[in-house]
Amino acid sequence: MQFGIFDHLDNESKPFHQYYEERLKLIELYDQLGFHSYHLAEHHATTLGMAPSPNIFLSAIAQRTKQLRFGPMVYALPLYHPLRLAEEIAMVDQMSDGRLDIGFGRGSSPVEISYFGVDPQTTESIFQRNQPRILEALETGVMHFDEQEDPYRDVVLKVLPKQKPYPRVWYGVHTVESAHRAAKRGWQTINLDLAHEARECNIAFREVWNDVHGNQPLPLMGLGRFIFVAETDEKALEIARRGYPAWHRGFTHLFRILGRMICHPRPDNWDELTRQGKGIAGSPATVAAQLSEQL
């Protein structure tokens, strides 16, 4: 089992320069302590959105760490031109000596997508069109645009990723169908659901993996949880109960001020999150025991 960090880069009050420097020093510590990976969410116009351009922050991580794998969780694909994103992925992978992981999504917040002049109803078609195009370009060095006329139809990339055919891909799974899709394509998976729901997806993933890839080693199958560790259970709970609502304010900020329905809802308090099995706070022994039970 490996441990990774999924970070929203949330900040309500610190000066920005100080905040970025402290976060980068924390990531240096993850690197030194042997964490497997660091993943960064993309958000805009909210206190969770201190990395509105994930690749800028990821390029700093590339220079400040030695072993840590890192990447977006995930790029909000409708907000990127596919050519520019492919070129930036190749750059960051080279700058990190092949430690970049990548993930793509449609964008979890229709509000944020709308701010960029993109119709949220079109995000699925944009994703289906551009995600394969980006991966193909990273693998072959050529990005193909069916909708463009010659001589602009094929664009040759002058920077290619170090990892071949391209950096490792993470894919969010919530259904058996999505698990099948990830297994066929050889992608790593992340699941944020309840333990028994994640287990159903992982079983489906393994079955398809064995059919398609035989005895090749399984990719990582991630389980996302809110975790806070302190010297004692009491101290961990006190801090988690104080800190989680600040995260939740940022998570729901745009939906609240615009009176919209919240996408991917989370409870507004730590105790309810714990009751659902998605939050764990306590001493190292307590956290290890609860994680072991879920795994």
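Visitor: In which sense do strand 4 and strand 5 pair?
Guide: Parallel, over 2 bridges. Strand 5 covers residues 101–105. Keep in mind that this is a predicted model.

Visitor: Which residue is the bridge partner of Tyr-75?
Guide: Phe-104, in strand 5.

Visitor: What packs on the sheet there, touching strand 5?
Guide: Helix 5, residues 123–140. Helix 5 also touches strand 8, residues 168–172. The direction of helix 5 makes about 160° with that of strand 5.

Visitor: Back up a bit. In what order do the strands of the sheet run?
Guide: The order is 4-5-8-9-10. That makes an open sheet of 5 strands, with parallel pairing. Strand 4 (75–76) and strand 10 (221–223) are the edges, so named as each pairs on one side only.

Visitor: What holds paired strands together, in general?
Guide: Strands of a sheet pair through backbone hydrogen bonds.

Visitor: New topic. How many residues are in the largest nonpolar core?
Guide: It has 49. Among those with the most contacts inside it are Tyr-38, Phe-57 and Phe-104.

Visitor: Which helix gives the most to this core?
Guide: Helix 3, residues 82–95, with 6 residues.

Visitor: And Phe-104, what is in contact with that one, leaving aside neighbours within four places in sequence?
Guide: The list includes Val-74, Tyr-75, Leu-85, Ile-89, Phe-127, Ile-134 and Trp-170.

Visitor: What does the second, separate core include?
Guide: That core has 10 residues, including Ala-230, Phe-251, Leu-273 and Ala-281.

Visitor: Let's look at helix 8. Where does it bend?
Guide: At Thr-252, by about 55°.

Visitor: Which residues of helix 8 are buried?
Guide: Among them are Ala-236, Tyr-244, Trp-247, Phe-251, Thr-252 and Phe-255. The buried residues of helix 8 pack against helix 4 (110–115), strand 11 (226–229), helix 9 (270–275) and strand 12 (279–282).

Visitor: What comes just after helix 8?
Guide: Gly-259, with a positive phi of about 65°. Pro-265 sits in the loop between helix 8 and helix 9.

Visitor: Is Pro-265 buried or exposed?
Guide: Exposed, because its relative accessible area is 60% and the cut-off for exposed is over 50%.

Visitor: What separates Pro-265 from Thr-252?
Guide: Their C-alpha atoms are separated by 8.5 Å. Along the chain, the two are 13 residues apart.

Terms used
Residues are numbered from 1 along each chain as its sequence is written. This is a predicted model: local features need pLDDT of at least 70, side-chain atom pairs count only at pLDDT 80 or more; totals for chains, interfaces and linings use all residues. Side-chain values use heavy atoms; hydrogens and water are left out. Two strands pair if DSSP finds at least two bridges between them. Helices (H or I, at least four residues) and strands (E, at least two) are DSSP runs, numbered from the N terminus. Contact means heavy atoms within 4.5 Å. Axes are lines fitted to C-alpha atoms, for helices over the stretch in contact, and angles run from 0 to 180 degrees between N-to-C directions. A nonpolar core is a set of buried Ala, Val, Leu, Ile, Met, Phe, Trp, Tyr and Cys residues joined through side-chain atoms within 4.5 Å. Buried means under 20% relative accessible area, exposed over 50%, partly exposed in between (1.4 Å probe, protein chains only). The bend at a residue is the angle between axes fitted to the seven residues ending there and the seven starting there.
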